[in-house]
Amino acid sequence: MPRDQIRVTRALLSVSDKTGLTDFAAALSQRGVELVSTGGTHRALTEAGLAVREVSELTRFPEMMDGRVKTLHPAVHGGLLAVRDNPEHQAALAAHGIGAIDLLVVNLYPFEETLKAGKAYDDCVENIDVGGPAMIRAAAKNHADVAVVVDVSDYGAILAELAEHDGNLTAITRRRLAQKAFSRTASYDAAIANWLAEVEGRDKAPTFKALGGTLAQSLRYGENPHQSAAFYRLPGTLRPGIATARQVQGKELSYNNLNDTDAAYECVAEFDPARTAAVAIIKHANPCGVAEGPDLLAAYEQALACDPTSAFGGIVALNRPLDAAAARKIVEIFTEVIIAPDASEEALAIVGAKKNLRLLLAGGLADPRAKGEVIRTVAGGFLVQGRDALSVDDMDLKVVTKRAPSEAELADMRFAYRVAKHVKSNAIVYAKGGATVGIGAGQMSRVDSSITAARKAAEAAQRLGLSESLAKGSAVASDAFFPFADGLLAAAEAGATAVIQPGGSMRDDEVIRAADEAGLAMVFTGVRHFRH
């Protein structure tokens with residue numbers, strides 16, 4: 001077990017992020033701590049007027065190979081790894097003139113930032129740190145005698161504890177720092193390994209799969225109050241969404257808020273903002289209304305009309321910057337979160353009147369065709385799959401019925417299929433005029449999803465005082481094939497006139513015959529959109 005306290009007499013500092021460096025080092029120096037440093041860190045400290053030794057004085061070797069080789073030396077690693085109460089270790093230090101290092105301060109070459117910036121392959125390789133992780137691991141292993149700092153946010157706590165304990169650091173702190181240090185190098189290595197796997201491209205299932213992330217937010221609880229939770233950002237995050245979003249206002253985001261907001265923003269990203277405004281309203285990770293329109297206000301009103309009951313307390317996602325007209329309408333009902341690429345000043349003021357309403361600005365819209373990974377834990381492991389990056393716009397739609405769809409029906413088919421991709425399976429989506437009019441999600445049978453969606457469309461019509469269901473004359477999308485004709489016939493009975501589905505059932509011929517007999521137009525996409 002680590003000794004309760006160790007005195008810090010010598011510190012080695014080697015950082016790429018110079019934030020707070022000189023103040024921290026100056027405070028250490030004032031406590032009589034000898035400072036040793038490398039390269040750019042040494043220059044920064046010297047320019048600040050601090051007395052600091054260069055690491056080459058310890059190693060008796062100059063930095064070489066463009067700085068690739070500077071700390072990989074027994075004079076450094078011996079000072080970090082020596083066990084203080086081990087006579088053999090102490091004799092080795094004395095015999096070779098190696099001084100013990102009590103505090104290591106290192107943050108790594110900015111590989112993740114280089115990757116995020118889209119730099120060239122050689123630039124990414126050059127920003128892979130070697131000496132830094134080696135020192136961090138050495139110090140963290142020997143946390144019984146050495147403290148290691150990898151996060152600038154820890155500087156203040158370190159100085160406070162040194163002041164409280166007369167220049168000493170406690171075992172509890174050293175263990176905490178060691179845990180963070182190993183987590184940091186693990187996350188760093190994961191980013192590099194996953195990048196190389198992506199660059200290589202040939203190995204779809206590498207022998208070792210690494211995961212790493214940086215804490216973005218500690219959450220009050222998970223899906224339920226008895227579950228702990230936290231939100232982590234992946235290294236080199238490029239995809240606009242909840243990981244890139246700035247929370248402008250509102251209460252702290254919960255686990256369910258984050259999960260639902262991610263679902264909402266991924267759904268609305270299917271709609272190109274250069275082509276149309278679009279709004280998705282999500283409840284419990286499922287769309288309860290999606291629509292496109294000439295502007296956000298029109299799209300929101302159409303999306304809300306699909307299922308205003310479920311929309312209460314939901315998440316609203318927009319594919320264009322939030323404007324004042326849309327903001328005024330959205331705040332009329334209780335909404336948990338609004339997420340958009342940006343917002344006008346007037347819209348910010350309108351939403352600002354609702355102090356608890358969370359507003360997130362993502363800074364951009366995700367590319368629905370971009371590749372990526374989806375990861376889900378299972379007992380004893382995790383599943384990894386590629387993101388469902390296929391768009392209905394790129395699919396070869398095959399007309400399989402006697403009647404071909406009209407241009408209006410085809411437009412609604414494409415719209416419905418775009419939404420069905422983001423509805424939990426089994427998924428059925430009725431759409432008309434660029435808006436959902438009924439959604440059936442997560443049912444155990446496809447016919448139940450059809451019936452649920454049809455009921456939603458009928459209820460929406462009743463709310464609007466209409467005599468016919470909103471499903472009348474609609475297009476219906478199914479995320480997977482109809483295994484029997486019953487689900488399709490339920491859609492026809494509800495009033496749908498056109499169907500889009502993947503096809504591929506053993507009973508496709510039976511389903512096609514039923515569609516012909518009902519006068520439906522039907523197309524096959526050849527692409528399934530399961531979402532579990």
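Just after helix α17, G465 adopts a positive phi of about 75°. Helices here are DSSP runs of H or I of at least four residues, and strands are E runs of at least two, numbered from the N terminus. This is a predicted model, in which local features need pLDDT of at least 70 and side-chain atom pairs count only at pLDDT 80 or more, while totals for chains, interfaces and linings use all residues. Residues are numbered from 1 along each chain as its sequence is written, and side-chain values use heavy atoms, with hydrogens and water left out.

Helix α17 itself covers residues 446-463. At 1.5 Å a residue, its 18 residues should span 26 Å, which agrees with end C-alpha atoms 26 Å apart; the expected span is 1.5 Å times one less than the number of residues.

Helix α11 (residues 255-268) has 10 of its 14 residues buried, so it is largely enclosed by the rest of the structure. These buried residues include N257, D260, Y265 and V268.

Finally, the axes of α1 (residues 21-30) and α9 (residues 155-164) come within 11 Å and cross at roughly 10°; axes are lines fitted to C-alpha atoms over the stretch in contact, and angles run from 0 to 180 degrees between N-to-C directions. That makes α1 roughly parallel to α9, a term for angles under 35 degrees. L21, F24, A27 and L28 in α1 meet Y155, I158, L159 and L162 in α9.

Key:
Parallel < 35°, antiparallel > 145°, perpendicular 65-115°, else oblique. Contact = heavy atoms within 4.5 Å. Buried < 20%, exposed > 50% of the residue type's maximum accessible area, 1.4 Å probe, protein only.
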